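Biologist: Before we discuss particular features, would you kindly display the sequence and the model?

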Amino acid sequence: MDDNDELEYVEEDYYAFLNVPRNASQEEISAAYRTFSRMYHPDKHLDVENKGKAEEMFNRTKNAYEVLSDPHQRAIYDSLGNKGLQTEGWELIHRTRTPAEIREEYERLAREREERRMQQKTNPRGNITVNINATEIFSRYEDEYDDGSLFPAIEVSGMSMSQSIEAPLSRTDTATLSGNLQLQNGVGGGNFLLSGRRLINKGWFEVDCGAGSGPVLGLKGSRNLTNRVFLNGGTTVNFRQNAIIPGIAGTLAIQLDKHTVGYLTYNAGLQSSMTTTIEHNTDRYHCNASATLGIPHCYITASYTRKLVEQQLKLRVALKGGTFGFLAEYGAEKKVSKYSSIVATVSCGVPTGVTLKIKIIRSTQTYLFPIHLSEEIIPAAVFYATVTPLLTYFILKKTLIDPMNEAAKQRNIEKVKETNRARMAEKRRGAESAIALMGAMYERIRTEEQGRQGLIIVAALYGKFGPDENVTAEQRDEMGFIQHNPNVIDVKVPLQCLVKDARLNVYGKTKSELPGFYDPCFGEDKLLRVDYEFRGQSYSITVADNEDLSIPASANGTAQN
(Lines give C-alpha, C1' and ligand atoms only; values in the text may rest on other atoms or scores of the structure.)
Protein backbone atom coordinates (compact mmCIF):
# COMPACT_ATOMS: atom_id res chain seq x y z
CA MET A 1 0.00 0.00 0.00
CA ASP A 2 1.75 3.13 -1.21
CA ASP A 3 1.02 6.17 0.91
CA ASN A 4 2.30 9.62 0.09
CA ASP A 5 3.73 10.77 3.39
CA GLU A 6 4.35 14.43 3.98
CA LEU A 7 7.91 15.36 3.08
CA GLU A 8 10.21 16.44 5.86
CA TYR A 9 12.41 19.51 5.83
CA VAL A 10 15.82 19.06 7.40
CA GLU A 11 16.09 21.66 10.15
CA GLU A 12 19.16 22.73 12.06
CA ASP A 13 19.42 21.45 15.63
CA TYR A 14 20.79 24.36 17.66
CA TYR A 15 21.42 22.19 20.72
CA ALA A 16 23.50 19.72 18.72
CA PHE A 17 25.35 22.51 16.93
CA LEU A 18 26.46 23.96 20.28
CA ASN A 19 26.83 20.40 21.70
CA VAL A 20 24.71 21.04 24.78
CA PRO A 21 21.84 18.92 26.18
CA ARG A 22 18.27 20.07 25.56
CA ASN A 23 17.91 20.92 29.26
CA ALA A 24 21.13 22.96 29.26
CA SER A 25 21.29 25.95 31.57
CA GLN A 26 22.00 29.47 30.32
CA GLU A 27 25.52 29.16 31.75
CA GLU A 28 26.19 25.99 29.71
CA ILE A 29 24.82 27.62 26.55
CA SER A 30 26.95 30.73 27.10
CA ALA A 31 30.07 28.62 27.74
CA ALA A 32 29.53 26.63 24.54
CA TYR A 33 28.98 29.87 22.59
CA ARG A 34 32.23 31.34 23.88
CA THR A 35 34.15 28.19 22.91
CA PHE A 36 32.83 28.02 19.36
CA SER A 37 32.87 31.77 18.74
CA ARG A 38 36.57 31.85 19.63
CA MET A 39 37.18 28.98 17.22
CA TYR A 40 35.22 30.58 14.35
CA HIS A 41 35.81 34.29 14.90
CA PRO A 42 36.88 35.79 11.53
CA ASP A 43 39.66 37.86 13.18
CA LYS A 44 41.50 34.63 14.10
CA HIS A 45 41.80 33.52 10.46
CA LEU A 46 44.00 35.58 8.13
CA ASP A 47 43.65 33.40 5.03
CA VAL A 48 41.02 34.92 2.72
CA GLU A 49 39.26 31.60 2.02
CA ASN A 50 39.25 30.55 5.66
CA LYS A 51 38.07 34.01 6.70
CA GLY A 52 34.95 33.59 4.55
CA LYS A 53 34.31 30.15 6.04
CA ALA A 54 34.82 31.56 9.52
CA GLU A 55 32.24 34.30 8.95
CA GLU A 56 29.66 31.71 7.89
CA MET A 57 30.32 29.44 10.89
CA PHE A 58 30.46 32.38 13.29
CA ASN A 59 27.05 33.59 12.08
CA ARG A 60 25.54 30.11 12.53
CA THR A 61 26.96 29.95 16.04
CA LYS A 62 25.61 33.41 16.83
CA ASN A 63 22.17 32.52 15.47
CA ALA A 64 21.98 29.33 17.57
CA TYR A 65 23.05 31.26 20.67
CA GLU A 66 20.51 34.06 20.10
CA VAL A 67 17.64 31.56 19.91
CA LEU A 68 18.67 29.43 22.90
CA SER A 69 19.64 32.37 25.11
CA ASP A 70 16.24 34.06 24.66
CA PRO A 71 13.68 32.25 26.89
CA HIS A 72 10.81 33.25 24.59
CA GLN A 73 12.45 32.08 21.35
CA ARG A 74 13.80 28.97 23.06
CA ALA A 75 10.32 27.98 24.28
CA ILE A 76 8.93 28.36 20.75
CA TYR A 77 11.88 26.43 19.27
CA ASP A 78 11.55 23.61 21.83
CA SER A 79 7.84 23.19 21.05
CA LEU A 80 7.78 23.70 17.29
CA GLY A 81 11.28 23.97 15.85
CA ASN A 82 12.31 26.51 13.24
CA LYS A 83 8.85 26.49 11.66
CA GLY A 84 7.52 28.03 14.85
CA LEU A 85 10.15 30.78 14.82
CA GLN A 86 9.26 31.58 11.20
CA THR A 87 5.53 31.93 11.89
CA GLU A 88 4.22 35.47 11.68
CA GLY A 89 2.32 36.89 14.62
CA TRP A 90 4.47 35.78 17.56
CA GLU A 91 5.07 39.40 18.52
CA LEU A 92 1.56 39.32 19.97
CA ILE A 93 2.44 36.50 22.38
CA HIS A 94 3.25 37.35 25.96
CA ARG A 95 6.68 36.01 26.82
CA THR A 96 5.53 34.10 29.89
CA ARG A 97 3.32 31.66 27.97
CA THR A 98 3.75 27.97 28.76
CA PRO A 99 4.83 25.45 26.06
CA ALA A 100 1.24 24.20 25.82
CA GLU A 101 -0.04 27.74 25.30
CA ILE A 102 2.67 28.39 22.72
CA ARG A 103 1.64 25.30 20.73
CA GLU A 104 -2.01 26.32 20.97
CA GLU A 105 -1.18 29.78 19.65
CA TYR A 106 0.88 28.31 16.82
CA GLU A 107 -2.06 26.14 15.81
CA ARG A 108 -4.30 29.22 15.83
CA LEU A 109 -1.89 31.10 13.59
CA ALA A 110 -1.66 28.09 11.30
CA ARG A 111 -5.45 27.98 11.01
CA GLU A 112 -5.47 31.64 10.03
CA ARG A 113 -2.91 30.96 7.29
CA GLU A 114 -5.01 28.11 5.96
CA GLU A 115 -8.27 30.06 6.02
CA ARG A 116 -7.35 31.85 2.77
CA ARG A 117 -7.25 28.48 1.00
CA MET A 118 -10.44 27.04 2.47
CA GLN A 119 -12.50 27.73 -0.63
CA GLN A 120 -10.37 25.30 -2.62
CA LYS A 121 -10.55 22.42 -0.16
CA THR A 122 -12.88 19.45 0.08
CA ASN A 123 -12.94 16.45 2.36
CA PRO A 124 -14.12 13.56 0.17
CA ARG A 125 -15.39 10.46 1.92
CA GLY A 126 -16.63 7.33 0.23
CA ASN A 127 -17.92 3.85 0.94
CA ILE A 128 -18.39 0.97 -1.48
CA THR A 129 -20.07 -2.26 -0.35
CA VAL A 130 -20.26 -5.38 -2.53
CA ASN A 131 -22.40 -8.23 -1.18
CA ILE A 132 -21.26 -11.65 -2.38
CA ASN A 133 -23.35 -14.82 -2.13
CA ALA A 134 -21.05 -17.85 -1.88
CA THR A 135 -23.36 -20.25 -0.01
CA GLU A 136 -23.08 -22.91 -2.73
CA ILE A 137 -19.48 -23.56 -1.71
CA PHE A 138 -20.58 -25.34 1.47
CA SER A 139 -24.24 -26.26 0.77
CA ARG A 140 -24.76 -26.73 -2.94
CA TYR A 141 -28.30 -26.80 -4.28
CA GLU A 142 -29.42 -29.97 -6.04
CA ASP A 143 -32.48 -29.35 -8.16
CA GLU A 144 -33.80 -29.69 -11.68
CA TYR A 145 -32.14 -26.43 -12.72
CA ASP A 146 -28.63 -27.61 -11.77
CA ASP A 147 -26.47 -27.33 -14.88
CA GLY A 148 -23.93 -29.87 -13.63
CA SER A 149 -21.10 -27.31 -13.34
CA LEU A 150 -17.99 -28.45 -11.50
CA PHE A 151 -17.69 -25.11 -9.71
CA PRO A 152 -20.19 -23.62 -7.25
CA ALA A 153 -22.00 -20.46 -8.29
CA ILE A 154 -20.71 -17.28 -6.67
CA GLU A 155 -22.74 -14.19 -7.40
CA VAL A 156 -22.94 -10.53 -6.46
CA SER A 157 -26.26 -10.17 -4.69
CA GLY A 158 -26.10 -6.47 -3.96
CA MET A 159 -24.01 -3.33 -4.13
CA SER A 160 -24.11 0.11 -2.59
CA MET A 161 -22.01 3.23 -3.01
CA SER A 162 -21.95 6.46 -1.04
CA GLN A 163 -19.86 9.59 -1.42
CA SER A 164 -19.69 12.97 0.29
CA ILE A 165 -17.68 16.15 -0.16
CA GLU A 166 -17.32 19.15 2.11
CA ALA A 167 -16.99 22.78 1.11
CA PRO A 168 -15.79 25.04 3.95
CA LEU A 169 -17.48 28.41 3.47
CA SER A 170 -15.84 30.10 6.43
CA ARG A 171 -14.27 29.19 9.74
CA THR A 172 -17.72 28.43 11.17
CA ASP A 173 -19.79 27.37 8.13
CA THR A 174 -19.49 24.16 6.11
CA ALA A 175 -21.64 22.80 3.27
CA THR A 176 -21.74 19.05 2.60
CA LEU A 177 -23.11 17.24 -0.44
CA SER A 178 -23.63 13.49 -0.07
CA GLY A 179 -25.40 10.77 -1.95
CA ASN A 180 -25.70 7.01 -2.22
CA LEU A 181 -26.88 4.34 -4.61
CA GLN A 182 -27.84 0.77 -3.78
CA LEU A 183 -28.86 -2.31 -5.71
CA GLN A 184 -30.22 -5.46 -4.04
CA ASN A 185 -31.59 -8.50 -5.90
CA GLY A 186 -32.28 -6.46 -9.01
CA VAL A 187 -34.02 -3.59 -7.21
CA GLY A 188 -32.21 -0.28 -6.92
CA GLY A 189 -32.61 3.10 -5.34
CA GLY A 190 -30.71 6.13 -4.16
CA ASN A 191 -30.83 9.54 -2.57
CA PHE A 192 -28.83 12.72 -2.13
CA LEU A 193 -28.58 15.21 0.71
CA LEU A 194 -27.32 18.80 0.92
CA SER A 195 -26.37 19.96 4.43
CA GLY A 196 -25.27 23.26 5.87
CA ARG A 197 -23.58 23.30 9.29
CA ARG A 198 -22.64 26.26 11.47
CA LEU A 199 -20.50 26.14 14.59
CA ILE A 200 -21.94 28.06 17.50
CA ASN A 201 -20.94 28.58 21.08
CA LYS A 202 -20.63 25.13 22.73
CA GLY A 203 -22.11 23.28 19.77
CA TRP A 204 -23.41 23.37 16.20
CA PHE A 205 -26.63 23.17 14.21
CA GLU A 206 -27.32 21.80 10.73
CA VAL A 207 -30.04 22.14 8.10
CA ASP A 208 -30.59 19.28 5.61
CA CYS A 209 -32.54 18.97 2.42
CA GLY A 210 -32.55 16.15 -0.08
CA ALA A 211 -34.50 13.67 -2.14
CA GLY A 212 -34.82 9.91 -2.37
CA SER A 213 -38.16 8.29 -1.73
CA GLY A 214 -39.63 11.78 -1.92
CA PRO A 215 -38.27 15.12 -0.62
CA VAL A 216 -36.59 15.16 2.80
CA LEU A 217 -36.11 18.08 5.17
CA GLY A 218 -34.20 17.92 8.42
CA LEU A 219 -32.81 19.93 11.30
CA LYS A 220 -30.03 18.71 13.62
CA GLY A 221 -28.01 20.18 16.42
CA SER A 222 -25.56 19.50 19.24
CA ARG A 223 -24.72 21.35 22.43
CA ASN A 224 -22.44 20.85 25.42
CA LEU A 225 -24.65 21.25 28.48
CA THR A 226 -21.71 21.02 30.91
CA ASN A 227 -18.10 19.92 30.73
CA ARG A 228 -19.27 16.31 31.14
CA VAL A 229 -22.67 16.27 29.44
CA PHE A 230 -23.67 16.92 25.83
CA LEU A 231 -26.87 16.50 23.87
CA ASN A 232 -27.47 16.10 20.17
CA GLY A 233 -30.62 15.41 18.23
CA GLY A 234 -32.65 16.19 15.20
CA THR A 235 -35.87 15.77 13.33
CA THR A 236 -36.64 14.84 9.72
CA VAL A 237 -39.74 14.94 7.54
CA ASN A 238 -39.99 12.61 4.53
CA PHE A 239 -42.66 13.62 2.01
CA ARG A 240 -43.80 10.47 0.20
CA GLN A 241 -46.49 10.04 -2.42
CA ASN A 242 -49.31 9.15 -0.05
CA ALA A 243 -47.90 10.07 3.34
CA ILE A 244 -45.75 12.40 5.36
CA ILE A 245 -43.39 10.44 7.62
CA PRO A 246 -41.80 12.34 10.51
CA GLY A 247 -38.76 11.12 12.43
CA ILE A 248 -36.97 12.21 15.55
CA ALA A 249 -33.69 11.13 17.14
CA GLY A 250 -31.69 12.27 20.12
CA THR A 251 -28.68 11.24 22.22
CA LEU A 252 -27.71 12.31 25.71
CA ALA A 253 -24.08 11.54 26.60
CA ILE A 254 -22.43 11.74 30.01
CA GLN A 255 -18.68 11.51 30.68
CA LEU A 256 -18.59 9.12 33.65
CA ASP A 257 -14.82 9.20 34.09
CA LYS A 258 -11.67 9.83 32.07
CA HIS A 259 -12.20 6.78 29.86
CA THR A 260 -15.91 5.99 30.21
CA VAL A 261 -18.94 7.55 28.52
CA GLY A 262 -22.61 6.66 28.88
CA TYR A 263 -25.19 7.24 26.10
CA LEU A 264 -28.97 7.27 26.08
CA THR A 265 -30.42 7.29 22.54
CA TYR A 266 -34.02 7.57 21.40
CA ASN A 267 -35.35 7.10 17.87
CA ALA A 268 -38.94 7.46 16.68
CA GLY A 269 -40.31 7.02 13.18
CA LEU A 270 -40.86 3.97 10.99
CA GLN A 271 -38.79 2.06 13.54
CA SER A 272 -38.74 3.23 17.15
CA SER A 273 -36.21 2.27 19.80
CA MET A 274 -34.45 3.35 22.98
CA THR A 275 -30.84 2.33 23.59
CA THR A 276 -28.58 2.59 26.63
CA THR A 277 -24.83 2.26 26.00
CA ILE A 278 -21.73 2.24 28.21
CA GLU A 279 -18.40 2.69 26.43
CA HIS A 280 -14.94 2.40 27.95
CA ASN A 281 -11.92 3.35 25.86
CA THR A 282 -8.21 3.39 26.75
CA ASP A 283 -4.96 3.23 24.83
CA ARG A 284 -4.91 -0.55 25.22
CA TYR A 285 -8.51 -1.66 24.85
CA HIS A 286 -12.03 -0.59 24.01
CA CYS A 287 -15.23 -2.19 25.22
CA ASN A 288 -18.92 -1.34 25.22
CA ALA A 289 -22.25 -2.82 26.17
CA SER A 290 -25.73 -1.72 25.13
CA ALA A 291 -29.35 -2.71 25.50
CA THR A 292 -32.07 -1.76 22.99
CA LEU A 293 -35.84 -1.81 23.42
CA GLY A 294 -37.57 -1.24 20.12
CA ILE A 295 -39.97 -2.17 17.39
CA PRO A 296 -39.66 -4.66 15.76
CA HIS A 297 -36.70 -6.07 17.80
CA CYS A 298 -35.17 -5.89 21.25
CA TYR A 299 -31.58 -7.00 21.79
CA ILE A 300 -28.40 -6.58 23.82
CA THR A 301 -24.84 -6.29 22.49
CA ALA A 302 -21.36 -6.40 23.96
CA SER A 303 -17.95 -6.03 22.33
CA TYR A 304 -14.30 -5.97 23.34
CA THR A 305 -11.37 -4.68 21.27
CA ARG A 306 -7.76 -5.24 22.25
CA LYS A 307 -5.32 -2.68 20.83
CA LEU A 308 -1.81 -3.98 20.19
CA VAL A 309 -0.24 -0.60 19.51
CA GLU A 310 3.30 -1.80 18.85
CA GLN A 311 2.06 -4.31 16.25
CA GLN A 312 -0.50 -1.81 14.83
CA LEU A 313 -3.14 -4.49 15.30
CA LYS A 314 -6.62 -4.60 16.83
CA LEU A 315 -8.43 -7.81 17.87
CA ARG A 316 -12.19 -7.66 18.34
CA VAL A 317 -14.95 -9.98 19.62
CA ALA A 318 -18.65 -9.12 19.84
CA LEU A 319 -21.92 -10.79 20.86
CA LYS A 320 -25.44 -9.77 19.98
CA GLY A 321 -28.67 -11.48 21.01
CA GLY A 322 -32.36 -10.68 21.04
CA THR A 323 -35.74 -11.37 19.51
CA PHE A 324 -34.19 -11.71 16.03
CA GLY A 325 -31.80 -14.52 17.11
CA PHE A 326 -28.15 -14.26 18.05
CA LEU A 327 -24.89 -13.25 16.41
CA ALA A 328 -21.23 -13.75 17.35
CA GLU A 329 -18.36 -11.94 15.63
CA TYR A 330 -14.60 -12.02 15.89
CA GLY A 331 -11.99 -10.36 13.75
CA ALA A 332 -8.84 -8.29 13.42
CA GLU A 333 -7.80 -4.95 11.99
CA LYS A 334 -4.22 -4.52 10.78
CA LYS A 335 -2.67 -1.23 9.76
CA VAL A 336 -0.54 -1.93 6.70
CA SER A 337 0.66 1.62 5.98
CA LYS A 338 0.21 5.16 7.25
CA TYR A 339 -3.25 5.60 5.75
CA SER A 340 -4.36 2.04 4.96
CA SER A 341 -5.83 -0.78 7.06
CA ILE A 342 -7.32 -4.20 6.38
CA VAL A 343 -10.13 -5.63 8.51
CA ALA A 344 -11.37 -9.23 8.47
CA THR A 345 -14.42 -10.26 10.53
CA VAL A 346 -16.17 -13.63 10.82
CA SER A 347 -19.86 -13.46 11.71
CA CYS A 348 -21.81 -16.53 12.89
CA GLY A 349 -25.45 -16.36 13.84
CA VAL A 350 -29.02 -17.58 13.62
CA PRO A 351 -30.73 -17.11 11.22
CA THR A 352 -27.98 -15.35 9.25
CA GLY A 353 -25.49 -18.24 9.06
CA VAL A 354 -21.79 -17.62 8.44
CA THR A 355 -20.47 -14.46 6.77
CA LEU A 356 -16.90 -13.33 6.15
CA LYS A 357 -16.50 -9.54 5.95
CA ILE A 358 -13.42 -8.05 4.34
CA LYS A 359 -12.93 -4.31 4.73
CA ILE A 360 -10.20 -2.20 3.15
CA ILE A 361 -9.77 1.31 4.57
CA ARG A 362 -7.75 3.64 2.38
CA SER A 363 -7.55 7.14 3.87
CA THR A 364 -11.18 8.39 3.77
CA GLN A 365 -12.36 5.65 1.38
CA THR A 366 -13.82 2.36 2.65
CA TYR A 367 -14.39 -0.80 0.62
CA LEU A 368 -16.50 -3.53 2.24
CA PHE A 369 -17.02 -7.06 0.92
CA PRO A 370 -19.50 -9.19 2.95
CA ILE A 371 -19.20 -12.78 1.67
CA HIS A 372 -22.15 -14.96 2.73
CA LEU A 373 -20.72 -18.48 3.08
CA SER A 374 -23.63 -20.48 4.48
CA GLU A 375 -27.18 -20.00 5.71
CA GLU A 376 -26.50 -22.22 8.71
CA ILE A 377 -23.58 -22.47 11.13
CA ILE A 378 -21.42 -25.08 9.38
CA PRO A 379 -18.02 -25.85 11.02
CA ALA A 380 -16.27 -26.05 7.63
CA ALA A 381 -17.53 -22.59 6.71
CA VAL A 382 -16.35 -21.15 10.06
CA PHE A 383 -12.93 -22.80 9.66
CA TYR A 384 -12.30 -21.56 6.14
CA ALA A 385 -13.67 -18.09 6.98
CA THR A 386 -11.07 -17.90 9.75
CA VAL A 387 -8.05 -19.46 8.04
CA THR A 388 -8.40 -18.08 4.51
CA PRO A 389 -7.98 -14.37 5.43
CA LEU A 390 -4.93 -15.18 7.58
CA LEU A 391 -3.19 -17.16 4.84
CA THR A 392 -4.13 -14.59 2.23
CA TYR A 393 -2.80 -11.73 4.35
CA PHE A 394 0.56 -13.39 5.05
CA ILE A 395 1.04 -14.27 1.39
CA LEU A 396 0.13 -10.75 0.29
CA LYS A 397 2.31 -9.28 3.02
CA LYS A 398 5.39 -11.12 1.84
CA THR A 399 4.78 -10.79 -1.89
CA LEU A 400 3.04 -7.41 -2.18
CA ILE A 401 2.58 -5.27 0.94
CA ASP A 402 6.14 -5.40 2.34
CA PRO A 403 7.82 -4.76 -1.05
CA MET A 404 5.40 -1.89 -1.77
CA ASN A 405 5.94 -0.32 1.66
CA GLU A 406 9.70 -0.62 1.31
CA ALA A 407 9.56 0.90 -2.17
CA ALA A 408 7.33 3.71 -0.86
CA LYS A 409 9.77 4.32 1.99
CA GLN A 410 12.69 4.55 -0.41
CA ARG A 411 10.74 6.86 -2.72
CA ASN A 412 9.92 9.11 0.20
CA ILE A 413 13.57 9.18 1.27
CA GLU A 414 14.55 10.14 -2.27
CA LYS A 415 11.90 12.86 -2.35
CA VAL A 416 13.13 14.22 0.97
CA LYS A 417 16.69 14.14 -0.33
CA GLU A 418 15.61 16.01 -3.44
CA THR A 419 13.62 18.53 -1.39
CA ASN A 420 16.60 19.11 0.90
CA ARG A 421 19.36 18.65 -1.67
CA ALA A 422 20.54 22.27 -1.44
CA ARG A 423 20.25 22.19 2.35
CA MET A 424 22.26 18.95 2.60
CA ALA A 425 24.94 20.25 0.24
CA GLU A 426 25.14 23.36 2.40
CA LYS A 427 25.50 21.18 5.52
CA ARG A 428 28.36 19.27 3.91
CA ARG A 429 30.15 22.47 2.91
CA GLY A 430 29.57 23.80 6.43
CA ALA A 431 31.09 20.66 7.96
CA GLU A 432 34.14 20.88 5.68
CA SER A 433 34.50 24.57 6.52
CA ALA A 434 34.29 23.83 10.24
CA ILE A 435 37.00 21.16 10.03
CA ALA A 436 39.23 23.53 8.03
CA LEU A 437 38.88 26.11 10.82
CA MET A 438 39.57 23.60 13.61
CA GLY A 439 43.21 22.91 12.69
CA ALA A 440 44.84 25.15 15.30
CA MET A 441 42.44 24.15 18.09
CA TYR A 442 42.80 20.45 17.18
CA GLU A 443 46.59 20.58 17.48
CA ARG A 444 46.45 22.56 20.73
CA ILE A 445 43.93 20.26 22.45
CA ARG A 446 45.64 17.10 21.21
CA THR A 447 49.04 18.35 22.49
CA GLU A 448 47.54 19.23 25.89
CA GLU A 449 45.88 15.81 26.21
CA GLN A 450 49.07 13.99 25.21
CA GLY A 451 51.01 15.94 27.84
CA ARG A 452 48.63 14.87 30.60
CA GLN A 453 48.04 11.35 29.17
CA GLY A 454 44.44 12.36 28.77
CA LEU A 455 41.90 11.62 26.04
CA ILE A 456 43.28 11.18 22.51
CA ILE A 457 40.86 10.46 19.66
CA VAL A 458 42.73 7.95 17.47
CA ALA A 459 39.97 7.47 14.89
CA ALA A 460 36.26 8.27 14.61
CA LEU A 461 33.72 7.22 11.97
CA TYR A 462 30.13 8.37 11.58
CA GLY A 463 27.53 6.86 9.24
CA LYS A 464 26.28 3.48 8.09
CA PHE A 465 28.84 0.76 8.70
CA GLY A 466 29.21 -2.29 6.52
CA PRO A 467 31.12 -5.55 7.08
CA ASP A 468 34.26 -3.68 8.16
CA GLU A 469 32.61 -2.22 11.25
CA ASN A 470 34.88 -4.00 13.71
CA VAL A 471 38.29 -3.59 12.05
CA THR A 472 40.93 -1.51 13.76
CA ALA A 473 41.73 2.10 12.91
CA GLU A 474 45.05 1.10 11.26
CA GLN A 475 43.33 -1.53 9.10
CA ARG A 476 40.70 0.99 8.01
CA ASP A 477 43.41 3.42 6.95
CA GLU A 478 45.24 0.71 4.99
CA MET A 479 42.05 -0.34 3.15
CA GLY A 480 41.00 3.20 2.35
CA PHE A 481 37.76 2.42 4.16
CA ILE A 482 36.27 5.90 4.02
CA GLN A 483 37.21 6.45 0.37
CA HIS A 484 35.35 3.29 -0.60
CA ASN A 485 32.34 3.87 1.64
CA PRO A 486 30.37 7.06 0.80
CA ASN A 487 28.03 6.40 3.73
CA VAL A 488 30.79 7.04 6.31
CA ILE A 489 32.70 10.21 7.18
CA ASP A 490 35.83 10.84 9.27
CA VAL A 491 35.02 12.90 12.38
CA LYS A 492 38.25 12.53 14.36
CA VAL A 493 39.12 16.23 14.20
CA PRO A 494 35.74 17.66 15.35
CA LEU A 495 35.48 15.15 18.19
CA GLN A 496 38.99 15.95 19.46
CA CYS A 497 38.04 19.63 19.46
CA LEU A 498 35.11 18.85 21.76
CA VAL A 499 37.39 17.24 24.37
CA LYS A 500 37.65 19.27 27.54
CA ASP A 501 39.68 18.31 30.62
CA ALA A 502 40.22 14.74 29.34
CA ARG A 503 36.50 14.15 28.79
CA LEU A 504 34.22 14.06 25.75
CA ASN A 505 30.47 14.53 26.03
CA VAL A 506 28.34 14.51 22.87
CA TYR A 507 24.65 15.39 22.94
CA GLY A 508 21.87 15.72 20.40
CA LYS A 509 19.13 13.57 18.94
CA THR A 510 21.23 13.35 15.76
CA LYS A 511 24.98 13.83 15.63
CA SER A 512 24.80 15.07 12.05
CA GLU A 513 24.19 18.57 13.48
CA LEU A 514 27.46 18.67 15.41
CA PRO A 515 30.15 21.07 14.11
CA GLY A 516 32.21 19.22 11.50
CA PHE A 517 29.50 16.57 10.99
CA TYR A 518 26.89 16.09 8.26
CA ASP A 519 24.52 13.30 7.27
CA PRO A 520 26.29 10.98 4.78
CA CYS A 521 23.33 8.58 4.37
CA PHE A 522 20.03 10.37 4.86
CA GLY A 523 17.18 8.10 5.96
CA GLU A 524 19.47 5.27 7.12
CA ASP A 525 20.34 4.20 10.66
CA LYS A 526 23.73 5.63 11.61
CA LEU A 527 26.38 4.82 14.20
CA LEU A 528 29.31 6.69 15.72
CA ARG A 529 32.43 4.60 16.36
CA VAL A 530 35.29 6.13 18.33
CA ASP A 531 38.75 4.61 18.91
CA TYR A 532 40.57 6.50 21.66
CA GLU A 533 43.44 6.35 24.10
CA PHE A 534 43.17 7.23 27.76
CA ARG A 535 45.93 6.89 30.34
CA GLY A 536 48.01 4.96 27.80
CA GLN A 537 45.27 2.34 27.17
CA SER A 538 43.34 1.83 23.91
CA TYR A 539 39.55 1.64 23.85
CA SER A 540 36.72 1.55 21.35
CA ILE A 541 33.06 2.44 21.64
CA THR A 542 30.12 2.47 19.20
CA VAL A 543 26.87 4.33 19.90
CA ALA A 544 23.66 4.89 17.94
CA ASP A 545 22.96 8.21 16.28
CA ASN A 546 20.40 9.27 18.92
CA GLU A 547 22.45 8.01 21.88
CA ASP A 548 24.53 10.33 24.04
CA LEU A 549 28.28 9.66 24.14
CA SER A 550 30.38 10.14 27.27
CA ILE A 551 34.01 9.00 27.42
CA PRO A 552 36.15 7.83 29.04
CA ALA A 553 34.01 5.40 31.02
CA SER A 554 35.04 1.84 31.75
CA ALA A 555 31.45 0.68 31.33
CA ASN A 556 31.44 2.04 27.78
CA GLY A 557 34.94 1.34 26.52
CA THR A 558 36.25 -2.07 25.54
CA ALA A 559 40.02 -2.55 25.38
CA GLN A 560 41.34 -3.37 21.93
CA ASN A 561 43.72 -6.21 21.28
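**Reading the model**

Modeller: The nonpolar patch draws its largest share, 3 residues, from β8. This is a predicted model, in which local features need pLDDT of at least 70 and side-chain atom pairs count only at pLDDT 80 or more, while totals for chains, interfaces and linings use all residues. Residues are numbered from 1 along each chain as its sequence is written, and side-chain values use heavy atoms, with hydrogens and water left out.

Biologist: Which residues form the nonpolar patch on the surface?

Modeller: A patch consists of residues with over 30% relative accessible area and no salt bridge; like charges are joined within 9 Å, and nonpolar side chains (Val, Leu, Ile, Met, Phe, Trp, Tyr) within 5 Å. Here Leu225, Leu231, Ile248, Leu252, Ile254, Leu256, Leu264, Tyr266, Met274 and Ile278 form the nonpolar patch, with about 840 Å² of accessible area together. Two or more residues come from each of β8 (244-255), β9 (260-268) and β10 (272-281).

Biologist: How many helices and strands does the protein chain have?

Modeller: Both are DSSP runs numbered from the N terminus: helices are H or I with at least four residues, strands E with at least two. The protein chain has 11 helices and 24 strands.

Biologist: Is Ser341 buried or exposed?

Modeller: Buried means under 20% relative accessible area, exposed over 50%, and partly exposed in between (1.4 Å probe, protein chains only). Ser341, in strand β15 (residues 340-350), has a relative accessible area of 10% and is therefore buried. By contrast, Ile254 of strand β8 counts as partly exposed because its relative accessibility is 34%. Of the 561 residues of the protein chain, 35% count as buried.

Biologist: With which residues is Ser341 in contact, leaving aside its neighbours within four places in sequence?

Modeller: Contact means heavy atoms within 4.5 Å. On that basis Ser341 is in contact with Glu333, Lys334, Lys335, Val336, Lys359, Ile360 and Ile361.

Biologist: How many salt bridges does a search of the whole structure find?

Modeller: A salt bridge places a side-chain nitrogen of Lys or Arg within 4 Å of a carboxyl oxygen of Asp or Glu. The search finds 15. One of them joins Lys427 to Glu513, with the closest N and O atoms 2.6 Å apart. This pair links distant parts of the chain: Lys427 lies in helix α8 (residues 421-437), and Glu513 in the loop between β20 (504-506) and β21 (527-534), 86 residues apart. Lys427 is buried, because its relative accessibility is 9%; Glu513 is buried as well, at 4%. Elsewhere, salt bridges that share partners join Arg316, Glu329 and Lys357 into one network.

Conventions:
Areas by Shrake-Rupley, 256 points an atom, 1.4 Å probe, with all protein chains shown as cover.
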